[in-house]
Amino acid sequence: MEQERIDVRCCIAGGGPAGMMLGLLLARLGIEVLVLEKHADFLRDFRGDTVHPSTLEVMHELGLLEDFLKLPDDEVATLYGQVGPTTLLVADFRHLPTHCKFVALMPQWDFLDFLANAAKRYPGFRLRLQAEATELIEAEGRIAGLRAKTPEGTVEVRADLVVAADGRHSLLRERAGLEVIDLGAPIDVLWLRFSRHAGDPGQTAGRFDTGRILVMLNRGSYWQCAFVIRKGGFEAIRAAGLPAFRETLASLAPYLADRLDELASWEDVKLLTVRVDRLRRWHRPGFLCIGDAAHAMSPIGGVGINLAIQDAVATANLLGQALKRGAPSESELEAVQRRRSPRLPPANRGADALPRRSRRRAQGLGRHQAPHRRRRPAEALASSGAALHRRCRPCHVADRRHRHQSGCSRCRCDREHSGGTVARRGDSD
Ligand SMILES: Cc1cc2nc3c(=O)[nH]c(=O)nc-3n(C[C@H](O)[C@H](O)[C@H](O)COP(=O)(O)OP(=O)(O)OC[C@H]3O[C@@H](n4cnc5c(N)ncnc54)[C@H](O)[C@@H]3O)c2cc1C
């Protein structure tokens, strides 16, 4: 088979949220970028569709929000929990300091298609589908590119920076020999869907009953459901049979009783084996991991897509200028990890990795030992939307030359779009 050679400034392996957003941001800065995606399109299994306010804010900053919100989506401004007969408000996004005060539920493939189309407007952007990165190329002590398998043969890509955005089962992070810290996860999740009928409740809600959790996302014509099970528990559920599983679902959401047959076989149930892990080090010379490849997240809160987007924003902000000149230095790559790395529980870090203040706190030596304040339930509920927002660790697009041109009816902007968002202290790069 033919071997093709491509030279590019940055090669990104993986066309998920992290890879596509980074491709768009770098191309927008005038940097030549090639994104390799192993699948032929973005239309794949359900992989979550919660586009949080932090991601919508990035779309605003890129001047893309108005067009983005023209895609079919459902708005969720509040999340409810049903415990037995009681309905509780568990998260409220209406008070966030963002233009969109809601989560947009949108199929991930629509979101990725949108990013791809936005990126294709820039001459430096190339997307190669059916191109699977298989190995890294090393030269002179650094990663100098990769090889990818395509239907036409092997492609050799030479790049100043290779970014692994190839998801939670990242092959490239393994090839790079980066150490993965497995944080363990006590749960797995079963994803399934049922049609939504007139007369069903309207809310996106979690249903809790005797240790069982069913989250139901209102997708207009259907319910996207997530059933939380104990780790490795799927086989036992299968062994108990489909009728028993249907009954369990109906006991949590009785109005599903008239459509349980829509769950025709186990083929209709998708198992998400939950992994929560982190790379100890996200980079090597010439190489960087972002998104799930750097930190696979628990699905609780539906932040994975949004963290991946924010990783891309921070990477473009921190490496964009360096990439215009050539290969970013190791300290520049390290800056991305520092900005984006979720905190590890102390048990998973060497004691030396703890900042001095945290070490002193862990040893009970902190100067101010403020007594732990127990929060009132109402206060906790009101702030949980903000807490979910903070979990995405929002960044702002540093270069905002292209701003939103006109008013947008859905983002409830409280000031003129062209005036721009004011970077808030502590959350911009
Ligand atoms: C069933 C399920 C439900 C989820 N629900 C939610 C949710 O509701 N909300 C939420 O925020 N998150 C959810 N997540 C998590 C979310 O999908 C991820 O956190 C997010 O997609 C991570 O983005 P990423 O770009 O880092 O990786 P991915 O989205 O995994 O993208 C990686 C891409 O790389 C491609 N790829 C892999 N290997 C190679 C290779 N060698 N060469 C080229 N391409 C390659 C893959 O095909 C894929 O397109 C869910 C995940 C699953 C599996």
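## Strand β17 and its partner

In this predicted model, W191 has K270 of β17 as its bridge partner. Strand β13, residues 187-195, runs antiparallel to β17 and is joined to it by 3 bridges. Two strands count as paired if DSSP finds at least two bridges between them. Helices (H or I, at least four residues) and strands (E, at least two) are DSSP runs, numbered from the N terminus.

Residues are numbered from 1 along each chain as its sequence is written. As the model is predicted, local features need pLDDT of at least 70 and side-chain atom pairs count only at pLDDT 80 or more, while totals for chains, interfaces and linings use all residues.

## The sheet

The 7 strands form an open sheet with mixed pairing, in the order β6-β5-β14-β15-β16-β13-β17. β6 (86-92) and β17 (270-272) are at the edges with a single partner strand each, so one side of each lacks a neighbour in the sheet. On average, neighbouring strands of this sheet are turned by 25° against each other, direction ignored.

Helix α7 (residues 242-252) packs on the sheet and touches β14 (205-209), β15 (212-218) and β16 (222-230). The direction of α7 makes about 75° with that of β15. Axes are lines fitted to C-alpha atoms, for helices over the stretch in contact, and angles run from 0 to 180 degrees between N-to-C directions. Contact requires C-beta atoms, placed from the backbone, within 7 Å.

Methods:
Two residues are in contact if their C-beta atoms, placed from the backbone, lie within 7 Å.
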